[in-house]
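Visitor: I have a model open on my screen and would like a guided look at it. Could you take me through its parts?

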Amino acid sequence: MVNKIVRDGILTTVYNDMNERIEIVGDITLNLEYWDCECVENYIHPITENHCEKCNALEEDSPNSRENEVIEYIHRILPQQ
Ligand SMILES: [Zn+2]
């Protein structure tokens, strides 16, 4: 969900309610703080990791993750309440 839009010259940065940068392309929302590697499972990585040790994918060669998948991923890794 879009929380805030910051315009700086020609650059527009959109943030979600977690204050993460997102990009909306058509009906797809990408989360710019995460990227997808080539793995079938657990393929979402934060941009603080630049390499997947399982499939050797590099962050710079990989697409950003979809926002809805990032939300699912975060719910999965967080300890259950
Ligand atoms: Zn991988």
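Visitor: In which strand is Tyr-15 found?
Guide: Happy to start there, with a word on the model: it is predicted, so local features need pLDDT of at least 70, side-chain atom pairs count only at pLDDT 80 or more, and totals for chains, interfaces and linings use all residues. Residues are numbered from 1 along each chain as its sequence is written. Strands here are DSSP runs of E with at least two residues, helices are runs of H or I with at least four, and both are numbered from the N terminus. Tyr-15 belongs to the run covering residues 11-16, which is strand S2.

Visitor: Is Tyr-15 buried, partly exposed or exposed?
Guide: A residue is buried if 20 or more other C-beta atoms lie within 10 Å of its own, exposed if 12 or fewer, and partly exposed in between, with C-beta atoms placed from the backbone. Because Tyr-15 has 15 C-beta neighbours inside 10 Å, it counts as partly exposed.

Visitor: Which residues does Tyr-15 touch, not counting those up to four places away in sequence?
Guide: Contact means that the C-beta atoms of two residues, placed from the backbone, lie within 7 Å. With that rule, the residues touched by Tyr-15 are Asn-3, Lys-4, Glu-20, Arg-21 and Ile-22.

Visitor: What separates the C-alpha atoms of Tyr-15 and Leu-32?
Guide: Along the chain, these two residues are 17 residues apart.

Visitor: Which residue takes a positive phi in the hairpin of S3 and S4?
Guide: Strands pair if DSSP finds at least two bridges between them. The hairpin has 2 residues between the strands, and the one with a positive phi near 60 degrees is Gly-26.

Visitor: In S6, what is the bridge partner of Asn-31?
Guide: S4 also pairs with S6 (residues 64-66), in the antiparallel sense over 3 bridges. In S6, the partner of Asn-31 is Ser-65.

Visitor: And in S5, which residue does Tyr-34 stand opposite?
Guide: S5 (residues 44-46) is paired with S4, antiparallel over 3 bridges. Opposite Tyr-34 stands Pro-46.

Visitor: In what order do the elements of the protein chain run?
Guide: The protein chain has 1 helix and 6 strands. Read from the N terminus on, the order is β-β-β-β-β-β-α.
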